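Dear colleague,

Please find the structure below. I would be grateful if you would read the notes after it with the structure open beside them.

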Amino acid sequence: MGTGDQERELLQLISEGFIFVDPDFRVLEINAEGLRMARRPRSDFIGRILWDVAPHLRTSALEAIFVKAMRDRQPVSIEHFYTWTDGRQSWLEIRGHRTAGGLAIFYRDISQQKKSAEELARAQAELMHGSRVSAMGTMAATLSHELAQPLTAAGNYIETCRKLLRPIADERAREARRALDQAGGSIRRAIDILERLRAFVSKGRTKAETNDLRAIIADAGVLVLPLAQREGVEIRFHLDDKAHWVRADAVQIQQVLINLIRNAIEAMRDSARKRIAIATSPASGNMVEVSVEDSGPGLGDAAPETVFAPFHSSKPGGLGVGLSISRTIVEAHGGTIVAENSPKGGAVFRFTLPAGRKPD
Ligand SMILES: Nc1ncnc2c1ncn2[C@@H]1O[C@H](COP(=O)(O)OP(=O)(O)O)[C@@H](O)[C@H]1O
Ligand SMILES: [Mg+2]
């Protein structure tokens, strides 16, 4: 590759930027497009060492890549977010080809393509989140509408029973009143959950406060305990002292835990060993991780991710919204939730929450 007039003319026909350097990286040639992209005159380049002309090559990984291409005689092709000498930045597609006399470097501005690809990905993510939220929104609105009435009626019946029992002073009546108190509490709680769910899905907002993660887990554990006992499932807790405080809406995170624990119990229905391990640990980025692992059959051969799809259920009569809602809740907190198969055979669900600071 020389610098004769004819070759130089041919190089101008290449629509990409083109630089040719000798084995010492001295610039022998650069074409008009290459100069136009760099916004610099030809005299800046010819006869000078590439790193001196374009210092940003040295501070980026590009120098090492070019040196390797020259030495190993291997073609290279990379996309790189490049800072020009005048401070502009562009996404470049850069290719290097080793030739007998040195290295031919082609470069092309792909900022526009990169931008459209990013915008597309963002639009798709928003669309997916949007459709999930609106499916959830419809579901939540329908559920709270349909359930509010029977729940309120049940609350009224409980109140009536308590009134009827009030004049009766024997021990069994007192026990019955205590049970009715608990039933009333459960109903208020159900109404509260529906209310919060509806408010959350419509506004997409959570009431994140500094909360004791161990208390949240203990409360969720108490609520599923009757079911766990009935099904012969043992729940073990491994709670890390360094993962004590979180920034979270306690009721919503309890819902996530209850969903995960219930799924685990349901999955282990036919398992010989029925055990759930709930563990906490500090995670990177000032987060806290909670994992729920079971000794059930695991998630099968399909990609674990599919269990989060709305209305995906393998259960007869299953709604398939538990995990979808759980993901929406965790993501609204700024966390993530993933499903995995445990090496021991069961399923593991892990989610993260922002760590909180211990209150004074
Ligand atoms: N611990 C688990 N072990 C095995 N499969 C699970 C587990 N948790 C969830 N799944 C799968 O994910 C599906 C979706 O769960 P979910 O969204 O809670 O809906 P539902 O419980 O109504 O089916 C379940 O039907 C089941 O196939
Ligand atoms: Mg479920």
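Predicted model: local features only at pLDDT ≥ 70, side-chain atom pairs only at ≥ 80, totals over all residues.

Residues are numbered from 1 along each chain as its sequence is written, chains are lettered from A and ligands numbered from 1 in the order in which they are written, and side-chain values use heavy atoms, with hydrogens and water left out.

The domain assignment gives domain 1 (5-109), domain 2 (118-205) and domain 3 (206-360); such bounds come from an automatic or database domain assignment. The centres of domain 1 and domain 3, taken over C-alpha atoms, are 53 Å apart.

A pocket is an open set of points on a 1 Å grid over the protein atoms alone, where a 1.4 Å probe fits, with protein on both sides within 12 Å along at least five of seven lines; its lining residues have an atom within 4 Å of a point. A volume is the space filled by probe spheres set on the points, which are joined across faces, edges and corners.

The largest pocket has a volume of about 1500 Å³. Its lining has 50 residues, and Ile-258, Asn-259, Arg-262, Asn-263 and Gly-322 lie nearest the centre. Domain 2 and domain 3 each contribute at least three residues to this lining. Helix H9 gives the most, with 11 residues. Helices (H or I, at least four residues) and strands (E, at least two) are DSSP runs, numbered from the N terminus. By class, the lining has 28 nonpolar, 15 polar and 7 charged residues. Here Ala, Val, Leu, Ile, Met, Phe, Trp, Tyr, Cys and Pro count as nonpolar, Asp, Glu, Lys and Arg as charged, and the others, Gly among them, as polar.

The second largest pocket holds about 220 Å³ of space. It is lined by 13 residues, with Arg-273, Arg-275, Glu-293, Ser-295 and Lys-344 nearest its centre. This lining divides into 2 nonpolar, 5 polar and 6 charged residues, and strand S9 supplies the largest share, 3 residues.

Finally, Ser-90 is found in strand S4 (residues 89-99).

Yours sincerely
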